[in-house]
Amino acid sequence: MFTFCIQKDTIRVEPRDFGKDPAVAIREEINRRYANKVLLEVGLCISLLDILDSSEGAVLYGDGCLYYRTEFRLLIFRPYMGEAFVGKVQSQSEAGITVSVGFFDDIVVPPNLLPEYSAFDPSRRAYFWLVPPDPAPEVRPAESVLLKSSAEERLYIEKRDWIRIRVEEEHWADTSPGSGKKPAPAEAPPATGANVNAGPVAPQPAEKEKALPPYSL
């Protein structure tokens, strides 16, 4: 789930930080610049891990700041394909289940990756699962058939439930100003994403148009 990457960057330390130890000032500036940011095709940066190398501070003409050529390692969140972990249900809709791991919320479980005998109950805005009959039929019953089941048979996935999911795909969107692209409005999640493995109602407000996240599962 967590890894690290090596970055090289020129770190700018402002005059107000000249009284600090240079290593401390550089560390603070790296965290300010990178923490909680998505590096395209790398992952979500959590924090600075360590500083590998740094030059002497240099002053540019007409600028009173110090500049350090620095090489450092960043702690990165990027689960590998097929990795399973636990997350908390944030919301549910016909498009799937949104899951959070606390510091990362862009995880969607589409309906086709839910366990068999799962269906969405519009009245409760929640998915439920039925225990398959024994022996199970060869053909999976349609959702309309599952919705005719009694409430006592249904095992609902509720908001804030902890569920185990598996990563099936990751999606990247370059939303940086220099990319030449504007963030597109969010669409229905693709047919792949995170796969729910197990789980044991929140009304879903009308969704506003929002930008695609730079990194999602």
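Let me start with the contacts of S216, where contact means heavy atoms within 4.5 Å. Leaving aside neighbours within four places in sequence, S216 is in contact with F104, D106, E169, E170 and H171. What you have above is a predicted model, in which local features need pLDDT of at least 70, side-chain atom pairs count only at pLDDT 80 or more, and totals for chains, interfaces and linings use all residues. Residues are numbered from 1 along each chain as its sequence is written, and side-chain values use heavy atoms, with hydrogens and water left out.

S216 is in strand β15, residues 215–216. Strands here are DSSP runs of E with at least two residues, and helices are runs of H or I with at least four, numbered from the N terminus. Is S216 buried or exposed? Buried means under 20% relative accessible area, exposed means over 50%, and partly exposed is in between, using a 1.4 Å probe and protein chains only. At 15%, S216 counts as buried.

Beyond four places in sequence, D106 is in contact with P213, Y215, S216 and L217.

That brings in Y215, which is buried, with a relative accessible area of 1%. Next, the aromatic rings. Rings of Phe, Tyr and Trp (its six-membered ring) pair if their centres lie within 6.5 Å; planes under 30 degrees apart count as stacked, over 60 as edge-to-face and the rest as tilted. The count by this rule is nine aromatic pairs. In one of them, the ring centres of W172 and Y215 are 4.4 Å apart and the planes are at 20°, so the pair is stacked. Both residues belong to one aromatic cluster, together with F2, F77, F103 and F104.

Some rings also have a charge over them, meaning that NZ of Lys or CZ of Arg is within 6 Å of the ring centre and within 35 degrees of the ring normal. The charged end of R124 sits over the ring of Y156, 3.8 Å from its centre. R154 lies over the face of F128, at 4.3 Å from the ring centre.

Now the strands, which pair if DSSP finds at least two bridges between them. Which strands does β6 pair with? Strand β6 (residues 84–93) runs antiparallel to β12 (residues 162–167), joined by five bridges. Five bridges also join β6 to β7, again antiparallel, and a hairpin connects these two through two residues. K88 stands opposite W162 in β12 and opposite S100 in β7.

On to the interior. A nonpolar core is a set of buried Ala, Val, Leu, Ile, Met, Phe, Trp, Tyr and Cys residues joined through side-chain atoms within 4.5 Å. The largest core has 19 residues, of which F85, I97, V99, F104, I107, I165 and L217 touch the most other members. At least two residues of this core come from each of β6, β7, β8 and β12. The largest share, three residues, is supplied by β12. Apart from this core lies another, of 15 residues, among them A25, I30, C45 and L66.

Last, the cysteines. How many disulfides are there, taking a disulfide as a pair of cysteine sulfur atoms within 2.5 Å? A search of the whole structure finds zero. For C45, the nearest cysteine sulfur is that of C5, 6.8 Å away. C45 is buried, with a relative accessible area of 1%, and C65 is buried at 4%.

Terms used: Disulfide = S-S within 2.5 Å.
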